[in-house]
Structures are given as C-alpha cells and as structure tokens.
Amino acid sequence: MAVTALAEPLPMSLAAVLQHVRVLEASGIVRSEKLGRVRTCHLQSGALRAAERWITKRRTMWEHRLDRLGEFLAEQDATSAPTDPTP
Amino acid sequence: MTTAPVAATTGRSVVHASFVLERIYPVTPGRVFLAWSDAEAKARWFSCHEGYTLDFRVGGRESNRGGPPGGPVYACDALFHDIVPNERIVYSYDLRRDDTLISVSLVTVEFTPVEGGTRLVFTEQGAFLDGHDTPGHREHGTRLGFERLLAELERAACET
C-alpha cells in the first residue's frame, strides 16, 4: 500500500505518517520500498495482529479488574466500614 | 544437536503501545489506595489465581501465576518503583508464557480526590516483544489493525 494512500484517511500529515512508518519498520512489523516516487508498505508476519490482540487483552483485563475493585469497595461499605487511614 | 525453533521463521519485533483507563469510586483516596496496598484486599479483586504474592514497598515485588489446567503457565512479575500513599503507585512488570517473555510494561496508577469520591487513572505503557501471544487463532482485519495501531502511536506521541 502506498504511503500517500495510507495517509489519506488519517487525521495527520504525510510527514507524520512517514515518521510512523519508519517506527513500524524499525519494529519489524512493516517493510517499505521506494519505486520511483512512490513508497509502498507491506505488513510483515503476524507481529501486528498479535500486538493488537495484546493491547486489547491488557485493556479488557484491566477494565474487568477495575470493575471488580469497584464491587469490592462497595462490598466493604455494605459490610463493616473499615478504618480509613486518610485524615 | 538442538536448534532453537524460533527466530528462523518469525524474526524479532517490538511494538510499543499504551492505554489509559479512568474510574471514579465513591470512596476516599485512602480507601482506594488501601485496596492496592494491602495484600489480602488486593488479592480479592486483582487475582483469580492461587499463586499470588504482594510485597508492597519501593523495591518490593508482586507475583501472579495462572493459566488453563494442563495449558501454559502465565506469570506476571512486578517491581514497585514509586509509592506515594493515597496518591500514586508506579511499577513495572513482565509477562511470560512458560519461559517465553511476551511483554514488559510500565504502569502508573494515580488517585485524585474529586467531589463525591476518588478518580483513579491507570496508565500502561508497554513493549510487546516478538509477536508472542496466545498461540492459535490468527485473525483478519489487518489493515484496520494497522490504522488503529497508527492512531495508538499517534496518541502515545502526543502524551509524551
């Protein structure tokens, strides 16, 4: 996919997109090559999908944990009011 | 002769990403902080596994182990870097599946008093290594993922 086409739907400048492409290239998840005036990107292996799954999983896990923390705090309130260390 | 079956086909990669979660709890910062600092309290909401330990002090560690019966063991080991009672906790942790390192992250948890309770802001910044994750189901949506990742990187750049 050409970098210009890639940049089109994104709310950022072509220069910014190029910068990101370089980061992705250094990370090993994108390969790019220049043919004439057009730079084309190719996704490499499953690194990206795995990374996206990782982010989604961490986020989802913490959403659940913070919900459980809320339930735990409410439960504490309902039973014995514990001592509060804050003045 | 043994050869490592990895790198030859998959290669190495690092992806950096971060996410932020926010919650408001209708209790004081002291109460929320206690739920993070007391081992017994934290085990109640944080871990659903048996092998959980917490040594809550700067330089102290937290360890969490678990996984499906007969399947791989996931291990999460954290180190506390900064503790400001009732205000802030900073720790780093690594995540392993058996002997494979999946990711290394920095986590900042901030507690701020707001009207009627406490705002908790959870920020995780991670380095995801070599594309290791649950083996198996490889999914579609590659281009969408690429764009989302770009957005994520853009946001990360703006936040620093």
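Modeller: Two strands count as paired if DSSP finds at least two bridges between them, and strands are DSSP runs of E with at least two residues, while helices are runs of H or I with at least four, both numbered from the N terminus. The model is predicted, so that local features need pLDDT of at least 70 and side-chain atom pairs count only at pLDDT 80 or more, whereas totals for chains, interfaces and linings use all residues. Residues are numbered from 1 along each chain as its sequence is written, and chains are lettered from A and ligands numbered from 1 in the order in which they are written.

Colleague: Which are the edge strands of chain B?

Modeller: The open sheet of chain B holds seven strands with antiparallel pairing, in the order β1-β7-β6-β5-β4-β3-β2. Each edge strand pairs on one side only, and these strands are β1 (14-25) and β2 (51-54).

Colleague: What is the bridge partner of B:I83 in β5(B)?

Modeller: Strands β4 (residues 74-84) and β5 (residues 88-97) of chain B pair in the antiparallel sense over ten bridges. In β5(B), the partner of B:I83 is B:I89.

Colleague: Is B:F19 buried, exposed or partly exposed?

Modeller: B:F19 is found in strand β1 of chain B, and B:F19 touches A:I55, A:R59 and B:E124, leaving aside residues up to four places away in sequence; contact here requires C-beta atoms, placed from the backbone, within 7 Å. A residue is buried with 20 or more other C-beta atoms within 10 Å of its own, exposed with 12 or fewer, and partly exposed in between. Because B:F19 has 18 other C-beta atoms within 10 Å, this residue is partly exposed.

Colleague: Which residues have the most contacts inside the largest nonpolar core?

Modeller: A nonpolar core is a set of buried Ala, Val, Leu, Ile, Met, Phe, Trp, Tyr and Cys residues joined through C-beta atoms within 7 Å, and the largest has 17 residues. At least two residues of this core come from each of α3 (47-78) of chain A and β1, β5 and β7 of chain B. Those with the most contacts inside the largest core are A:A51, A:W54, B:V15, B:A17 and B:F128.

How values were computed:
Contact = placed C-beta atoms within 7 Å.
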